[in-house]
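Here is a short briefing on one protein model. Look over the sequence and the structure first, then read the points below.

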Amino acid sequence: MTNHPGLGIITHSPSPIVQQLEAVFAKLDDEALLEKLIGPIRRGPKGHPVAVLWHCFVAKYVMGLSSTDALIRELNNNPLVAKVCGIDNPQAIPHKSTFSRFISRLSEYHVAARVKDVSRSLVRRCYAELPGFGERVAMDSTTLKGWVNGGKPRHSDKEARWSVKKNSQGKTEFTLGYKLHLIVDCEYELPIAASVTPGNAHDGKQASHVLSEARFATRGMFHPEYVMGDKGYSSQELRDLIHRQYRAMPVIDIPSNQKKALAKYAEQLILPEYAALRRQRGAIERVNSRLKGQRSLNQITTRGLRKVTVHCYLALIAMQAAA
């Protein structure tokens, strides 16, 4: 709150969340997306401006709100948040069905590509502004429980698949849904590239796709010195790919049953420098944790690969733009 002497006027300083949202919106290179969403000019009621709906969705992920209902409550309860999104009065807050139609629009093939481009532009901004960004990267996947009823023979999301993964306690977990495959910078702990697949996709087989996306997203700026991964990425084919195409050193754990690889890299594995690099791989686990705990990644309330992909990219955009 600021008091202006002599004027008798007291104004309220913007709240931290409003300031954060203003900063996030200013970073978004979203002109092409908004143009695609507007489409050709048509007669009839104009409805809600697409920029307002887009900013509301971005705000939902920046604030880590769990659902569209939670977003609508926030817009009603916090007029300053509504205003920064472009809503001037409570009667102008979009209905839940409007938001539902908008996420369907975002998930259309050519529009979803523009959503990805917003994330890619934020990654290029990181390369331009953050010293050493992208020199040490790690890749991993995280499972996402779909919005499904897995107990029925024909579950409600036909594109969701079962994933099988051991948790931190070594117990096997079965999850019906999807996987987010990520490459992140280990120093700044920010996402560089992503791929979303059904839950049964193999991490190692998806690695080349995510590496290729990193090169495409950065327009050739992706030149890591080290690429790190856990045992799920251990294959000679992937190590050769990382070394040959990306001129990087693979730092990938080797399972005990891969005797030839253990023998080939025996001297490297015992180096203190190698152990120090392996410890940095924990960055991607922290990124996944923050995406799920702070950016709504774990709150899937939509079905189908395209909609889940847009959901994941909105979480990434919120993390990247809020950094």
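The largest nonpolar core has 95 residues, and W54, L106 and I192 have the most contacts inside it. A nonpolar core is a set of buried Ala, Val, Leu, Ile, Met, Phe, Trp, Tyr and Cys residues joined through side-chain atoms within 4.5 Å. Helix α14 (residues 305-322) gives the most to this core, with 11 residues.

This is a predicted model: local features need pLDDT of at least 70, side-chain atom pairs count only at pLDDT 80 or more, and totals for chains, interfaces and linings use all residues. Residues are numbered from 1 along each chain as its sequence is written, and side-chain values use heavy atoms, with hydrogens and water left out.

**Terms for the core and its contacts**

- Buried means under 20% relative accessible area, exposed means over 50%, and partly exposed lies in between (1.4 Å probe, protein chains only).
- Helices (H or I, at least four residues) and strands (E, at least two) are DSSP runs, numbered from the N terminus.
- Contact means heavy atoms within 4.5 Å.

- Not counting residues up to four places away in sequence, I192 touches V123, Y127, F133, G134, V137, I183, V184, D185, A214, A217, T218 and F222.
- In soluble globular proteins, nonpolar side chains tend to be buried together.

**Helices α2 and α7**

- The axes of α2 (residues 31-38) and α7 (residues 109-129) come within 8 Å and cross at roughly 160°.
- Axes are lines fitted to C-alpha atoms, for helices over the stretch in contact, and angles run from 0 to 180 degrees between N-to-C directions.
- α2 and α7 are therefore roughly antiparallel to each other; that term covers angles over 145 degrees.
- On the α2 side, the contact is made by A32, L33, K36 and L37; on the α7 side, by H110, V111, R114, V115 and V118.
- By class, this contact of α2 with α7 has 6 nonpolar, 1 polar and 2 charged residues.
- Ala, Val, Leu, Ile, Met, Phe, Trp, Tyr, Cys and Pro count as nonpolar, Asp, Glu, Lys and Arg as charged, and the others, Gly among them, as polar.

**Q245**

- Q245 sits in helix α9 (residues 236-246).
- Q245 counts as partly exposed because its relative accessibility is 38%.
- Leaving aside neighbours within four places in sequence, Q245 is in contact with R215 and D240.

**G304**

- G304 lies in the loop between α13 (282-294) and α14.
- G304 is buried, with a relative accessible area of 9%.
- G304 and S156 are 148 residues apart along the chain, and their C-alpha atoms are separated by 9.7 Å.
- G304 touches D157, E159 and Y178, not counting residues up to four places away in sequence.

Notes. Angles under 35 degrees count as roughly parallel, over 145 as roughly antiparallel, 65 to 115 as roughly perpendicular and the rest as oblique.
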